[in-house]
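Please open the structure in your viewer and keep the selection tool at hand. The tour below goes from one selection to the next and says what is found at each stop.

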Amino acid sequence: MKRDEVLELLRDASPLRHEELRRRADARRRDGLGDVVHLRGLLEVSNHCRRDCAYCGIFRGNREVKRYRLEDADIRQGARLAQARGYGTVVLQAGEDPGLTRERVAGWIRWIKENTPLAVTLSLGEREDEELAAWREAGADRYLLRFETSDQELYHRIHPDLPGRRSDRFLLLKKLRGMGYEIGSGVMTGVPGQSLASLADDLLLFRELDLDMIGVGPWLPHPATRLPHSQPLDRDQAPQGNVLALKTIALARILCPQANIPATTALATRDPREGRASGLLHGANVLMPNLTPAERRSSYDIYPDKAVLGDRRDGDEESLPAWLVSQGRSVGTGPGGRRRG
Ligand code: SAH
């Protein structure tokens, strides 16, 4: 698939062509990966953050956020729960929190690897090379770091650098790959100032980077963020909402047939009834049920009214396998790493 075709499909508003694209992605997913859906238990381990991203609700300057950092016991309990529920992976995600020290995180990873069969995925933002290497050494398998947008002017505007340090997520992804991590990246769709042309570039980059995991969700305006909450009237502005996010997921599946692609929480938040199911129908093969202790979940407030698989309208964790079967899918076993070849 060439850039022209990708862009044309992103711009096309016809529901018929959307459905055609969806079927193509769904067939690609079925042929390449079958009906298996991998479950990754998500632990939001800290909402402290040193950055001031314009798109995210837990940016450093937001005084309204009640900050927390999970304890060792929470991590152990979360990992045990993931194992008991038959998930193959636990994902440790957080704001960019220097309080999550190299040793602390390495200790968590070692404990999980010694006491469970789970794969460990990290999503802790832009950290030092030594930290990333130590965590890999401790046994971490994968790292998620979305590049958010390939439009560099937009990226640096919504994701300000730390003093004296230019943020370069592409360079970090390359280093992570070199350390032996499976790498995941992705973008938000519908960010004010994001053009459909840049989104086409993002998609081609997914393929060029040969990503093992690709996360795409709609941008959800958080009341505390400084981005405009409505869209500029630019002809090529990427529109808000699930339609564009779903088309982007479908295109990602067609371009990267073997990548692991989740039906993201943002999709489910935007559309609590259908979001996850439609993600799975557009090429996704992964779900990430939330394992964060209930009293902390609402504090990991990256966007408002975050859908939490487990306590919302689209079913609880216990009934998840049955729900997947009702969708014509089955539950993955084992770590569910990226398939190659
Ligand atoms: N601190 C880590 C994890 C961030 S949360 C990091 O920066 O990588 C994971 C992802 O959620 C982000 O990469 C971003 O793409 C997405 N996200 C953040 N705020 C959002 C919002 N308001 N709406 C939709 N997605 C959002």
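Begin with Y55, where a backbone N or O atom lies 2.9 Å from a nitrogen atom of the ligand, a polar contact being a pair of N or O atoms within 3.5 Å (within protein, one must be able to donate a hydrogen and the other to accept it, and residues adjacent in sequence count only if both atoms are side-chain atoms). This is a predicted model, in which local features need pLDDT of at least 70 and side-chain atom pairs count only at pLDDT 80 or more, while totals for chains, interfaces and linings use all residues. Residues are numbered from 1 along each chain as its sequence is written, and side-chain values use heavy atoms, with hydrogens and water left out.

Stay at the ligand and select E148, which has a polar side-chain atom 2.5 Å from an oxygen atom of the ligand. Then select I302, where a backbone N or O atom lies 3.2 Å from a nitrogen atom of the ligand. If you widen the selection to the 19 residues around the ligand, those that come nearest are Y55, A94, E148, R169 and L220; a residue counts as near when one of its heavy atoms lies within 4 Å.

Next, select helix α1 (residues 3-11) and helix α8 (residues 196-208), whose axes come within 9 Å and cross at roughly 130 degrees. Helices here are DSSP runs (H or I, at least four residues), numbered from the N terminus, and axes are lines fitted to C-alpha atoms over the stretch in contact, with angles from 0 to 180 degrees between N-to-C directions. α1 and α8 are therefore oblique to each other, since angles under 35 degrees count as roughly parallel, over 145 as roughly antiparallel, 65 to 115 as roughly perpendicular and the rest as oblique. On the α1 side, the contact (heavy atoms within 4.5 Å) is made by residues including R3, V6 and L7, and on the α8 side by residues including L196, A197 and L199.

To see the contact, show V6, L9 and L10 of α1 together with L244, K247, T248, L251 and L255 of α9.

Finally, move to helix α4 (residues 102-115) and helix α5 (residues 129-138), whose axes come within 8 Å and cross at roughly 20 degrees. α4 and α5 are therefore roughly parallel to each other. Here R102, V105, A106, I109, R110 and K113 in α4 meet E130, E131, A134, W135 and A138 in α5.

Key:
Helix = DSSP H or I, 4+ residues; strand = E, 2+ residues; numbered from the N terminus.
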